[in-house]
Amino acid sequence: MTTGRDAQQVSTVMHVRCPDRLGEEVYRRVLELLAELSPVVQALPPSAALVELKGALRYHGADPRRLGEVLRVRALSRLGVDVRVGIGPSITVAATASGQIPAPGGVLAIDPGQAAGWLGQLPVDALHGIGDRQAAVLREYGIHYVGLLAASPPATIQRLLGGKAGRTAADRARGIDPRPVVPRTLPATATVRCAFDRHTLDGAHVRAALLELVIRLGQLLRRREQAAQAVTLTLTFAGNSRWEKTRRLAEPSAHDEDLRLIAYRLMDAAGLQRGRLIRLALRGEDLINADQVARQISLDGAREARLVAEAAIDRVRDKFGAGVIGPAAVFRRAS
């Protein structure tokens with residue numbers, strides 16, 4: 001294991017794989033755990049991330065494997081999530097290492113001086129960045145292991161895989177990967193949900209529930225002084241099967257009218273017939289600050305009146321509570 005002064009002379013990258021189908025909220029909390037280890041975290045949604053540990057090793061006074069174990073323990077104890085943590089001198093080595101860890105989790109740290117030898121013994125399709133088709137082509141020409149790929153003339157690999165792809169594959173097989181970890185967080189989101197007491201097929205009942213979510217989402221966005229650039233609707237059915245679709249708004253908005261139109265279009269796209277719904281979720285995506293939204297001069301007097309009414313309703317709700325005013329359909333659903 002590389003420790004102390006040696007560990008500080010080279011880049012040390014951690015690649016973290018979370019379980020598949022991890023919820024976005026839990027994934028965000030995993031990213032927060034990573035930020036406790038290092039300020040250089042690159043989100044790789046929906047369920048992976050990169051961390052540059054070079055400075056963190058010195059700050060924490062720990063070796064790379066120890067930091068990986070700390071992360072895994074924290075994820076299990078705080079979130080109930082096990083993770084696979086690969087660590088190496090480059091993104092390719094770290095990501096390949098995390099891919100070699102069997103589920104549900106574990107830590108595999110590769111020393112810089114051992115990276116080329118460790119990669120060489122792996123099947124060619126285990127090298128991070130090699131797709132199924134590329135691996136099939138390489139195997140067809142007798143290149144079954146990463147070591148053979150590294151030993152082959154780069155010009156040969158370029159002829160087999162194409163110029164850029166071939167150069168990249170040849171370099172990475174030799175452990176050459178100069179890409180840095182680039183700090184990147186997830187775009188801000190806001191989510192509202194509702195669950196039905198029993199499986200429901202009632203179209204009017206579902207539409208009223210969706211309208212209630214639209215109102216709640218609009219309130220949340222306006223309270224946070226944000227606007228959504230896209231909206232995602234998630235439907236969960238009996239048996240926990242799910243349908244999810246995202247649409248972008250023509251312009252960023254936090255207004256009920258705009259959110260309702262896009263939400264209804266998403267629901268129509270689902271083509272519900274006899275699906276037994278148990279949950280709905282509506283999520284505002286790619287949020288921006290409200291002051292970044294250009295205020296257009298509108299000739300639509302009716303829309304301007306609705307926006308004025310919306311602001312007044314927000315003030316009433318802030319003073320007397322969210323349930324004192326709203327569309328009749330929402331009140332009928334609640335009764």
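Modeller: Helices (H or I, at least four residues) and strands (E, at least two) are DSSP runs, numbered from the N terminus. The model is predicted, so local features need pLDDT of at least 70 and side-chain atom pairs count only at pLDDT 80 or more, while totals for chains, interfaces and linings use all residues. Residues are numbered from 1 along each chain as its sequence is written, and side-chain values use heavy atoms, with hydrogens and water left out.

Biologist: In which helix is Ser98 found?

Modeller: Helices are numbered from the N terminus. Ser98 is found within residues 91–99, which form helix 5.

Biologist: Is Ser98 buried or exposed?

Modeller: Buried means under 20% relative accessible area, exposed over 50%, and partly exposed in between (1.4 Å probe, protein chains only). The relative accessible area of Ser98 is 0%, and therefore Ser98 is buried.

Biologist: With which side chain does the side chain of Ser98 make a polar contact?

Modeller: A polar contact is a pair of N or O atoms within 3.5 Å; within protein, one must be able to donate a hydrogen and the other to accept it, and residues adjacent in sequence count only if both atoms are side-chain atoms. Ser98 touches His15, Arg17, Arg84, Val85 and Gly86 (heavy atoms within 4.5 Å), not counting residues up to four places away in sequence. The polar contact of the Ser98 side chain, at 2.6 Å, is with the side chain of Arg17.

Biologist: How many disulfides does a search of the whole structure find?

Modeller: A disulfide is a covalent bond between the sulfur atoms of two cysteines. Here the criterion is a pair of cysteine sulfur atoms within 2.5 Å. Cys18 is buried at 5% relative accessibility, and Cys194 is buried at 13%. For disulfides, the search of the whole structure gives zero.

Biologist: Which class of residue accounts for twelve in the lining of the largest pocket?

Modeller: Ala, Val, Leu, Ile, Met, Phe, Trp, Tyr, Cys and Pro count as nonpolar, Asp, Glu, Lys and Arg as charged, and the others, Gly among them, as polar. The lining has nine nonpolar and seven polar residues, and the class with twelve is charged.
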